[in-house]
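Try each task before you read its solution.

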Amino acid sequence: MTVIDQLFALFAEKGSGAYFGEDVTETAHALQCARLAEEAGADDALVAAALLHDVGHLLHGMSENIAKEGLDGQHEDAGAEWLQKHFGPAIVDPVRLHVAAKRYLCAVEPGYHDDLSPASQLSLRLQGGPFTPEEAKVFEAEPWYQSAVAVRRWDDEAKIPGLLVPDLEHYRPKLEAALLAR
Ligand code: FE
C-alpha cells in the first residue's frame, strides 16, 4: 500500500465522524480546506498541507467531543510526526503549526478571535489561548509560519455543511508531487 493509499484509507475509515464540534465530517472539512487552498492558487505542497492538516485527529482516534471534555488532543503534533516520515517541511510544518497559527492570529489580528466558531474558541483555551507578543515573535521566526497562517484561514472557513467539492482522488497528483519533492 502506498503512503497516499494509506492516507485515503484513513479518511475512509475514520473520516466520517463529525469534525470537532462542527456540522461537517472530518473528510468534508479536509476536502473543503484543500479546495480553498487550490482556489487561492496555493502550490502543491500547501494544498497537500491544507488537505492533511487534521490528519492527527484521524490518527489518534479520540472522541469528537474531546474539547468539550476539557482535553486537547495535540493533533497537530500527532499529524506532523506521522507526515514527516513521508513529506518535507513545506507540508509538515504548516500542519505542526496550524494550531499555533490560531493563537498567533488571535494575538495580532483584531477581530480574528471573535470571528472563530464557538468550538474553535473553546479549543483555543485548551491550546493555551492567544500568544503573548513575545510568543508571536517566536512564531514569526518559524520558516513556514506564513504557510501555517494560510492553512489556518482556510481551516476556519472549511466548515460549510453540504458544500460540494472534489473528492480525495482529485488530490492524488498533488500528493504524489509532494512526496517526490521531499
Ligand atoms: Fe481543521
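**Exercise 1. Count the positive and negative side chains, and find how far apart the centres of the two sets lie.**
Step 1: Lys and Arg count as positive, Asp and Glu as negative; His and the chain ends are not counted. Step 2: Place each charge at NZ of Lys, CZ of Arg, CG of Asp or CD of Glu. Step 3: The protein has 15 positive and 30 negative side chains. The two centres are 2 Å apart.

This is a predicted model, where local features need pLDDT of at least 70, side-chain atom pairs count only at pLDDT 80 or more, and totals for chains, interfaces and linings use all residues. Residues are numbered from 1 along each chain as its sequence is written, and side-chain values use heavy atoms, without hydrogens and water.

**Exercise 2. State how many helices and strands the protein has.**
Step 1: Take DSSP runs, numbered from the N terminus: helices are H or I, at least four residues, and strands are E, at least two. Step 2: The protein has 11 helices and 0 strands.

**Exercise 3. Is Ser-147 buried or exposed?**
Step 1: Locate Ser-147 in helix α10, residues 145-157. Step 2: Recall the cut-offs: buried is under 20% relative accessible area, exposed over 50%, partly exposed in between (1.4 Å probe, protein chains only). Step 3: Ser-147 has 15% relative accessibility, so it counts as buried. Across the protein, 51% of the 182 residues count as buried.

**Exercise 4. Which residues does Ser-147 contact, leaving aside neighbours within four places in sequence?**
Step 1: Contact means heavy atoms within 4.5 Å. Step 2: Ser-147 touches Leu-46 and Pro-94.
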